Amino acid sequence: MQKCNKCKLPFKWSKIYNSVMWFYKPIQCEKCGADYKIYFPSRLIGAFFVLPIPIFGLILSPFDNELINILTGICISFTGSLLITFLVKYKNVNT
Ligand SMILES: [Zn+2]
């Protein structure tokens, strides 16, 4: 988990998750107020939790039941969205 560059306060998991869910909304350190924006390549990681739905639902279709295929994709997407918070990087925009 990333820490604030200035005061070394680790970002809360929920804060990063919330930022990702709002299309990589900038976040602010709770202690020193430093602003952070998503590091651009980290946006590509977003594909991890968007792609499983069409891939499992339409391309792979590992199960006979279409609904199960879509639900599998959604489960993977959900898991991906939880993991994404550990993968994305933010950069300080104040300095
Ligand atoms: Zn800070």
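So, F11, Y36 and Y90 come together as one aromatic cluster. Keep in mind that this is a predicted model. In total, the structure has three aromatic pairs.

Let's take F11 with Y36. Their ring centres are 5.0 Å apart and the planes sit at 70 degrees, and since an angle over 60 counts as edge-to-face, that's what we call this pair. Where do the two residues come from? F11 is in the segment before α1 (13-21), while Y36 belongs to strand β2 (residues 35-38), so this contact ties together parts 25 residues apart in sequence. Both F11 and Y36 are buried, by the way.

F11 also pairs with Y90, again edge-to-face, with 6.5 Å from centre to centre and 85 degrees between the planes. Y90 sits in strand β3 (residues 90-92) and F11 in the segment before α1, so here the parts being tied together are 79 residues apart in sequence. Buried or exposed, what is Y90? With a relative accessibility of 5%, Y90 counts as buried. F11 has a relative accessible area of 5% and is buried too.

Okay, on to the metal. Which residues hold the zinc ion? C4, C7, C29 and C32 do, each through its SG atom, at 2.2 to 2.3 Å. The angles between those four donor atoms run from 104 to 114 degrees, so the arrangement is tetrahedral. Along the sequence, the donors follow the spacing C-x2-C-x21-C-x2-C.

Terms used. Residues numbered from 1 in each chain as written. Predicted model: local features only at pLDDT ≥ 70, side-chain atom pairs only at ≥ 80, totals over all residues. Heavy atoms only, no water. Phe/Tyr/Trp six-rings, centres within 6.5 Å; stacked < 30°, edge-to-face > 60°. Helix = DSSP H or I, 4+ residues; strand = E, 2+ residues; numbered from the N terminus. Buried < 20%, exposed > 50% of the residue type's maximum accessible area, 1.4 Å probe, protein only. Donors = N, O, S within 2.8 Å, 3.2 Å for Na, K, Ca; no water. Tetrahedral: all angles 85-135°; square planar, octahedral: opposite > 155°, others 65-115°.
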